[in-house]
Amino acid sequence: MTATATRLTGIGEYYFSQKLREISTLNSEGKNIINLGIGSPDQPPHPDVIATLQRESSRPGSHAYQGYRGVPALRNAFAAWYQKWYEVTLDPEKEILPLIGSKEGLMHVCMTYLNPGDQALIPNPGYPTYSSAVRLAGGEPLPYLLTSKNNWLPDFSMLDELVAGNPRIKIFFVNYPHMPTGQLPSRDLFEKLVAFGHRHRILICHDNPYSFILNKSPMSMLSIDEAKGTVLELNSLSKSHNMAGWRIGVLCGAGPQIDEVLRFKSKWNSGMFLPLQLAAARALELGEDWFTRINEVYATRRKFVIDLLRQIGCLPTEGQAGMFIWAAIPSDYADAYALSDKILYEAGVFLTPGGIFGTAGEQYLRVSLCSPEEKIQEAIIRIKTALS
Ligand SMILES: Cc1ncc(COP(=O)(O)O)c(C=O)c1O
């Protein structure tokens with residue numbers, strides 16, 4: 001047998017793919033597990049978006065390879081969206097690169113900027129793909145601690161010291177609204193991050209897929225003066241437009257950096273299916289009522305999820321943005337893996353243990369708002385019955 005490449009050392013199977021297999025085994029034994037783990041929106045995209053995809057796919061000329069930069073209609077729609085919602089002006093010719101989901105963008109950024117042995121700061125807790133993308137690119141993830149005491153915000157004095165003495169650190173990954181804690185950004189935070197990027201001449205990669213979910217004031221880090229040049233921002237239609245399976249994301253930033261990333265991306269894959277690009281452009285035109293409607297659903301679910309968490313003695317904080325609720329677990333469990341497994345095997349409900357987002361998440365659970373209210377209510381009843 002051929003041995004796997006060394007770049008896969010330390011890269012296991014993604015936690016969720018392994019857990020979903022376990023859940024599907026339990027389901028095949030008739031357990032009917034309620035999965036409140038994954039953040040994949042269960043509501044459909046807007047009907048006009050689906051109609052655009054259907055109409056455009058039936059045109060004979062729609063099926064050819066597409067250019068690497070995406071079609072002008074999609075880049076213009078992203079530019080208009082950034083202007084309307086974030087008050088950020090982007091040149092659709094140079095400063096916008098459509099992606100096949102923002103996750104691939106994380107890999108592209110790492111492959112573009114990291115040499116073997118270079119380091120990248122990644123949030124602990126944080127989205128696990130940051131560290132795997134850094135590792136796969138030959139780099140070394142350097143976790144920086146976020147704590148509830150500091151409202152899950154970076155400790156700049158600690159980071160200044162760390163980065164000043166270490167020229168190997170090339171990228172600083174940040175993500176606000178933060179997943180998994182739901183912490184919102186502020187202008188002050190974004191200004192500090194941009195200043196930090198300039199001070200240390202490192203790239204700030206801001207991952208921004210949750211700004212429209214349970215958040216009245218969406219913000220882009222590119223709205224800060226001088227951000228372009230030190231900040232690359234990823235965005236996504238997965239959560240904001242219920243299009244997770246469509247794989248539509250975008251990378252925004254200064255033209256020369258977009259060109260650098262494109263040098264890698266254009267060797268890696270091709271442009272997206274044209275009807276997908278046109279349907280995504282339609283989605284980006286949706287107005288306030290779209291976001292109001294999806295957020296009403298999440299807000300109702302949030303109340304039930306908070307109830308559920310309190311029932312098992314957890315402490316969710318108020319005002320979290322995004323499609324999850326993050327809560328500290330009671331001290332009678334060794335960690336949230338133990339509590340999650342207990343709830344899975346005794347109540348048939350899956351809640352994500354916070355440890356998969358880093359050591360700082362070990363005493364927390366994350367619950368997704370992507371299940372209908374009835375399911376959440378059923379989960380509450382099951383947990384009450386099993387654990388009381
Ligand atoms: C913080 C964060 N970044 C990026 C992504 C990836 O999103 P996309 O569907 O655009 O690849 C996710 C998906 O769960 C996420 O939680």
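The domain bounds used here come from an automatic or database domain assignment. On that basis the protein, which is a predicted model, is divided into domain 1, made of residues 6–44 together with 289–387, and domain 2, made of residues 47–284. The C-alpha centres of the two, domain 1 and domain 2, lie 25 Å apart, and a search of the whole structure finds 20 salt bridges. The points below take up the contact between the domains, some of the salt bridges, the backbone, and one serine.

**Where the two domains meet**

- The contact takes 34 residues from domain 1 and 32 residues from domain 2, and the area buried between domain 1 and domain 2 is about 2700 Å², with carbon and sulfur atoms giving 65% of that area.
- On the side of domain 1, Phe291, Ala321 and Phe357 supply 22% of the area that this domain buries against domain 2, which is more than any other three residues supply.
- Between domain 1 and domain 2 the count of salt bridges is zero, whereas the count of residue pairs in polar contact, both at pLDDT 80 or more, is ten.
- Helix 10 (288–311), strand 10 (324–328) and strand 13 (364–368) each supply at least two residues of the side of domain 1 that touches domain 2, and the largest share of that side, seven residues, comes from helix 10.
- By residue type, the side of domain 1 that touches domain 2 divides into 19 nonpolar, twelve polar and three charged residues.

- Side chains of opposite charge can pair when their charged atoms come close.
- One of the salt bridges is formed by the side chains of lysine 19 and aspartate 341, at 3.2 Å from N to O; this pair links distant parts of the chain, since lysine 19 is in helix 1 (residues 15–28) and aspartate 341 is in helix 11 (residues 336–347), 322 residues apart.
- A network of salt bridges links Lys19, Glu22 and Asp341.
- Glutamate 29 and lysine 31 also meet through their side chains in a salt bridge, at 3.4 Å from N to O, and lysine 31 counts as partly exposed at 43% relative accessibility.
- The side chains of arginine 55 and glutamate 56 form a further salt bridge, at 3.7 Å from N to O; arginine 55 counts as partly exposed, at 43% relative accessibility, while glutamate 56 counts as buried, at 10%.

**Backbone geometry**

- Most residues other than glycine have a negative phi, and most peptide bonds are trans.
- A cis peptide bond, with omega of about 0°, joins tyrosine 176 and proline 177, and proline 177 has its place in the loop between strand 5 (169–174) and helix 7 (187–200).
- The peptide bond from methionine 179 to proline 180 is cis as well, with omega near 20°, and proline 180 is likewise found in the loop between strand 5 and helix 7.
- Asparagine 32, a residue other than glycine, has a positive phi near 50°; asparagine 32 is placed in the loop between helix 1 and strand 1 (34–35), and counts as partly exposed at 46% relative accessibility.
- Asparagine 151 is not a glycine either, although its phi is positive, at about 50°; asparagine 151 lies in the loop between strand 4 (140–145) and helix 6 (156–164), where the residue is partly exposed, with a relative accessible area of 44%.

**The surroundings of serine 236**

- Serine 236 has its place in strand 7 (residues 231–236), and it counts as buried because its relative accessibility of 3% is under 20%.
- A polar atom of the side chain of serine 236 lies 2.9 Å from the backbone nitrogen of serine 238.
- When residues up to four places away in sequence are not counted, serine 236 touches Ser102, Pro209, Ile248 and Gly249.

Key: Residues are numbered from 1 along each chain as its sequence is written. This is a predicted model: local features need pLDDT of at least 70, side-chain atom pairs count only at pLDDT 80 or more; totals for chains, interfaces and linings use all residues. Side-chain values use heavy atoms; hydrogens and water are left out. A salt bridge is a side-chain nitrogen of Lys or Arg within 4 Å of a carboxyl oxygen of Asp or Glu. Helices (H or I, at least four residues) and strands (E, at least two) are DSSP runs, numbered from the N terminus. Buried means under 20% relative accessible area, exposed over 50%, partly exposed in between (1.4 Å probe, protein chains only). Contact means heavy atoms within 4.5 Å. Buried area is the accessible area (1.4 Å probe) that two parts lose on being put together, summed over both. A polar contact is a pair of N or O atoms within 3.5 Å; within protein, one must be able to donate a hydrogen and the other to accept it, and residues adjacent in sequence count only if both atoms are side-chain atoms. Ala, Val, Leu, Ile, Met, Phe, Trp, Tyr, Cys and Pro count as nonpolar, Asp, Glu, Lys and Arg as charged, and the others, Gly among them, as polar.
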